[in-house]
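Work through the exercises below with the sequence and the model at hand, and try each task before reading its solution.

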Amino acid sequence: MTTEYSGTGDPARSLALLWRTREPASRRGRTDLTVDRIVRAAIEVADTEGLAALSMRRVAERLGVGTMSLYTHVPGKGELLDLMLDTVYGETVTSAPPTDGWRARLEHIARESWALYLRHPWLLQVATTRPPLGPNLIARYERELRAVDGIGLTDLEMDAVVTLVGGFVHGAVRGAVEAAQAAERTGMTEEQWWQAHAPYLEKAMDPRRFPLAARVGAAAGEEYQAAGDPARAFEFGLARILDGIEVLTRDRPGADTPPTGG
């Protein structure tokens, strides 16, 4: 699987493009070619063809322009990837979060993030330990922090909580994305795969050697009709994480106060 890394572009150029402090003029007179159009085309390539297909040449083909014309607006693939990330992050900062307590707000944020990964599966192939420091990423972070502001957490605990929830969603959604991709590429649903393999596994595996795996696996397989259920695992895990945060904040003032700001 292709892995790309954010934050590999030139810092000055990347930040100028992310914050739109400079929009280069086209040397070829293509007034219809803009940074936004290039980024949208790149996202479409990644969404429909996968991250491995992403290149400046492929984006140019999608736009019907020469490859070199892109470089007038975006210096290279590193900067383009940062722009793509910040653009899709903007999809999670438009709706108003719930106002009935921090738990509902965090749950809303987690579900938005889950849906974002399903819309743009290539996000799972981008390592963002050096994130694109654009306006949408910062707005997203601000929004996440507001969800837990005023509930008794220290600043570092607030950062840790939103990192915990984000990391959980990132890991949990991978199974859902991979299951969807497997079904698309093999033409076989998870249920069909399980029904084809389960009878042979039952014959091959000695339950006396693996008593817990046999018992629990049989119960799970019967319930899920698959090797696993990523959506159910997400629901269970998210609830347990929120339970843990509730324990952490239980005796602290302001646990159910609305967030500050808009």
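**Exercise 1. Packing of two helices**

At what angle do helix α6 and helix α7 pack, and how far apart are their axes?

Solution. The model is a predicted one, in which local features need pLDDT of at least 70 and side-chain atom pairs count only at pLDDT 80 or more, while totals for chains, interfaces and linings use all residues. Residues are numbered from 1 along each chain as its sequence is written, and side-chain values use heavy atoms, with hydrogens and water left out.

Begin with the elements: α6 covers residues 102–119 and α7 covers residues 135–147, where helices (H or I, at least four residues) and strands (E, at least two) are DSSP runs numbered from the N terminus. The two helices pack at an angle of about 150°, with their axes 8 Å apart; axes are lines fitted to C-alpha atoms, for helices over the stretch in contact, and angles run from 0 to 180 degrees between N-to-C directions. Since angles over 145 degrees count as roughly antiparallel, those under 35 as roughly parallel, 65 to 115 as roughly perpendicular and the rest as oblique, α6 and α7 are therefore roughly antiparallel to each other.

Next, list the residues in contact (heavy atoms within 4.5 Å). On the α6 side they are Trp102, Arg105, Leu106, His108, Ile109, Glu112, Ser113 and Leu116, and these meet Arg140, Arg143, Glu144, Arg146 and Ala147 in α7. By class, this contact has 5 nonpolar, 2 polar and 6 charged residues, with Ala, Val, Leu, Ile, Met, Phe, Trp, Tyr, Cys and Pro counted as nonpolar, Asp, Glu, Lys and Arg as charged, and the others, Gly among them, as polar.

**Exercise 2. Ser113**

Is Ser113 buried or exposed?

Solution. Ser113 lies in helix α6. At 7% relative accessibility, Ser113 counts as buried, a label for residues under 20% relative accessible area, with exposed meaning over 50% and partly exposed in between (1.4 Å probe, protein chains only). Leaving aside neighbours within four places in sequence, Ser113 is in contact with Arg140 and Val169.

**Exercise 3. Salt bridges**

Which parts of the chain does the pair of Glu157 and Arg252 tie together?

Solution. Start from the pair itself: Glu157 forms a salt bridge with Arg252, the closest N and O atoms being 2.6 Å apart, where a salt bridge is a side-chain nitrogen of Lys or Arg within 4 Å of a carboxyl oxygen of Asp or Glu. Glu157 lies in helix α8 (residues 155–186) and Arg252 in the segment after α11 (230–249), so the pair ties together parts that are 95 residues apart in sequence. Glu157 is partly exposed at 23% relative accessibility, and Arg252 is partly exposed at 25%.

Then turn to a second pair, Glu49 and Arg62, whose side chains meet in a salt bridge (3.8 Å, N to O). Glu49 belongs to helix α2 (residues 35–49) and Arg62 to helix α3 (residues 56–63), 13 residues apart. Both residues also take part in a network of salt bridges that links Glu44, Glu49, Arg57, Arg58, Glu61 and Arg62. The structure holds 20 salt bridges.

**Exercise 4. Helix α11**

Which residues of α11 are buried, and against which helices do they pack?

Solution. The buried residues of α11 are Phe234, Gly237, Leu238, Ala239, Ile241, Leu242, Ile245 and Thr249, and they pack against α6 and α8. For the chain as a whole, 36% of the 262 residues count as buried.
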